[in-house]
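Take a look at the picture, then read on.

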Amino acid sequence: SEGQKTSGIQYNSEAVQKLFLNPKLKDRKAVIISIVGAFRKGKSFLLNYVLRYLYARVSQKFLNNILYL
């Protein structure tokens, strides 16, 4: 409608389908994380925080598997 701003964010269903239908990901868990917001509002910080958490979980599971072999 008139006078309303649009976000400019577009969902690319073709790209998402291509990603999730990739045979290399057939038996893997996958997610898409999208972080949007204004300039200099912590998007990179949040993404890095999430990635560090995920890497730490993977490392801990790996270490646990080695310790109990």
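Predicted model: local features only at pLDDT ≥ 70, side-chain atom pairs only at ≥ 80, totals over all residues.

The chain has 69 residues, and buried ones make up 1% of them. Its secondary structure amounts to two helices and zero strands.

**Surface**

- The chain has an accessible surface of about 7400 Å², and carbon and sulfur atoms account for 57% of that area.
- A nonpolar patch on the surface is formed by Val31, Ile33, Leu47, Leu51, Tyr53, Leu54 and Tyr55, which together have about 700 Å² of accessible area.
- One of the patch members, Leu47, sits in helix H2, which spans residues 43-67.
- Leu47 counts as partly exposed because its relative accessibility is 34%, a value between the 20% and 50% cut-offs.

**Largest pocket**

- The volume of the largest pocket is about 190 Å³.
- Its lining is made up of Lys29, Ala30, Val31, Ile32, Ile33 and Leu54.
- Sorted by class, the lining holds five nonpolar residues, one charged residue and no polar residues.
- Val31, Ile33 and Leu54 take part in the nonpolar surface patch and also line the largest pocket.

- Val36 is located in the loop between helix H1 (13-20) and H2.
- With a relative accessibility of 54%, Val36 is classed as exposed, since the cut-off for that class is over 50%.
- Val36 and Ile9 are 27 residues apart along the chain, and their C-alpha atoms are separated by 8.7 Å.

Methods:
Residues numbered from 1 in each chain as written. Heavy atoms only, no water. Patch = residues over 30% accessible without salt bridge, like charges linked within 9 Å, V, L, I, M, F, W, Y side chains within 5 Å. Areas by Shrake-Rupley, 256 points an atom, 1.4 Å probe, with all protein chains shown as cover. Salt bridge = Lys/Arg side-chain N within 4 Å of Asp/Glu carboxyl O. Helix = DSSP H or I, 4+ residues; strand = E, 2+ residues; numbered from the N terminus. Buried < 20%, exposed > 50% of the residue type's maximum accessible area, 1.4 Å probe, protein only. 1 Å grid on protein atoms, 1.4 Å probe; cavity = no way out; pocket = protein on both sides within 12 Å on 5 of 7 lines; lining within 4 Å. Points joined across faces, edges and corners; volume = space filled by probe spheres on them. Nonpolar A, V, L, I, M, F, W, Y, C, P; charged D, E, K, R; others polar.
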